[in-house]
Amino acid sequence: MRHASLIPVLVASLLASTAFANEGFEVWHSVQKGDTLGALAKRYEVKPRDIKRWNRIRGTRLKPGHKLHIWSQVAIRPTRIIEHTLRRGDTLTRLSKQYRTSPEKLKRLNGWRRRPRLVVGNVVKVEVQGPENPSVARGAPQSGRLVNGEKLPDGPGYQVRVQGNAYGTNDTVTLLMTCLPKVKKKWKNAPEILVGDLSREHGGRFPPHRSHQNGLDVDISYFHNVRPAPDYFREATPGTLDAEKTWFLLKTFIDTGRVDYIFVDYSLQKALYDEAKKRGAKAKQLDQWFQYPNGKGMGEGLIRHSPSHKNHFHIRFIHDQDAAS
Ligand SMILES: [Zn+2]
């Protein structure tokens, strides 16, 4: 049984290295009546001529029912409706941020015409991203498991190192699919980000990691100032770290409001701290984000030292039953 399960993993990683794999998120779009090349190109943020090339189409006519192979530049996620029980402090803005939706969508979904009165204990409907059958993070990152884990696919600007070790909660997968491509969008020549381990399919013990057990942890490569860009987890020093791109990526994750911790070796924190400061971060934000300059033993800051994080950083997302379910 053990061996049988290795085979799909190998096939998947071989496929991941084919020429197209990282042009985007792989989508099979079934052509509907009224679909046009222009509209599909807009939806998937690609060029009409790319859709034609990928599908060997001449002319501009699309046949309804035809399945088009598209390498989307945006994460296309299934959605489902869940019920959220209101808590103290919930506002439209806060709910929108927590579930990555918008006040307008919340209003439409709940049939609210104007600003609603949000009463603690009442239930509101929220649209969340992820398949019909939700995943659940159980227990702690060091002693938990993952129910219904979802596999992170390759996407534009990043590559998953070992597909069989890339299972997370739906929320983790959504966050990664949304944030990782942003670097390549900003810097066309940015090297591919390498995504290391998340969790195993059902979570649980995952040596040599101590955590990575419930679908909320992920290891990600730093950007380096060396050329050619390394295609493995290379140890960074303050001199070789590309602090600009690395900070941009960390900040993209932090801005989602879903990050619990980011583990970064203390020796690399100053370069990132300086970069954040250069980009206009206020003292209060720096305090909140960085353990530096308080020393690596201090339990402060979202970005913290943890041994063996010189060649990758490690994000732990917030364990929130509502957002994960
Ligand atoms: Zn890790």
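Biologist: Before we dig in, what should I know about the model and its numbering?

Modeller: The model is predicted, so local features need pLDDT of at least 70 and side-chain atom pairs count only at pLDDT 80 or more, while totals for chains, interfaces and linings use all residues. Residues are numbered from 1 along each chain as its sequence is written.

Biologist: OK. How many helices and strands are there in the protein?

Modeller: Helices (H or I, at least four residues) and strands (E, at least two) are DSSP runs, numbered from the N terminus. Here you get 11 helices and 14 strands.

Biologist: What does the radius of gyration tell me?

Modeller: That value is taken over C-alpha atoms, and the globule rule is 2.2 Å times the number of residues to the power 0.38. For 325 residues a compact globule would come out near 20 Å, and the protein has 21 Å, which agrees. Its C-alpha atoms fill a box of roughly 60 × 55 × 50 Å along the principal axes.

Biologist: And how do I read "buried" or "exposed"?

Modeller: Count the other C-beta atoms, placed from the backbone, within 10 Å of a residue's own: 20 or more is buried, 12 or fewer is exposed, and in between is partly exposed. In this protein, 34% of the 325 residues count as buried. G89, in the loop between β3 (79-85) and α4 (92-99), counts as exposed because it has 8 such neighbours.

Biologist: Which residues have the most contacts inside the largest nonpolar core?

Modeller: A nonpolar core is a set of buried Ala, Val, Leu, Ile, Met, Phe, Trp, Tyr and Cys residues joined through C-beta atoms within 7 Å. The largest one has 48 residues, and L152, L176, I193, V195, L250, L272 and I315 have the most contacts inside it. Elements giving two or more residues to this core include α6 (170-179), α8 (243-254) and α9 (266-278). There's also a second, separate core of six residues, with L40, Y44, V46 and L68 among them.

Biologist: Let's zoom in on α9. What span is expected for this helix?

Modeller: The expected span is 1.5 Å times one less than the number of residues. With 13 residues, α9 reaches 19 Å from its first C-alpha to its last, close to the 18 Å expected. Its buried residues include Y266, L268, L272 and Y273. What covers the buried residues of α9 includes α8, α10 (283-289) and β13 (303-304).

Biologist: How do I read the domains, and how many residues of domain 1 are in contact with domain 3?

Modeller: Domain bounds come from an automatic or database domain assignment. Here that gives domain 1 (16-72), domain 2 (79-129) and domain 3 (137-324). The C-alpha centres of domain 1 and domain 3 lie 31 Å apart. For contact, the C-beta atoms of two residues, placed from the backbone, must lie within 7 Å. Seven residues of domain 1 are in contact with nine of domain 3.
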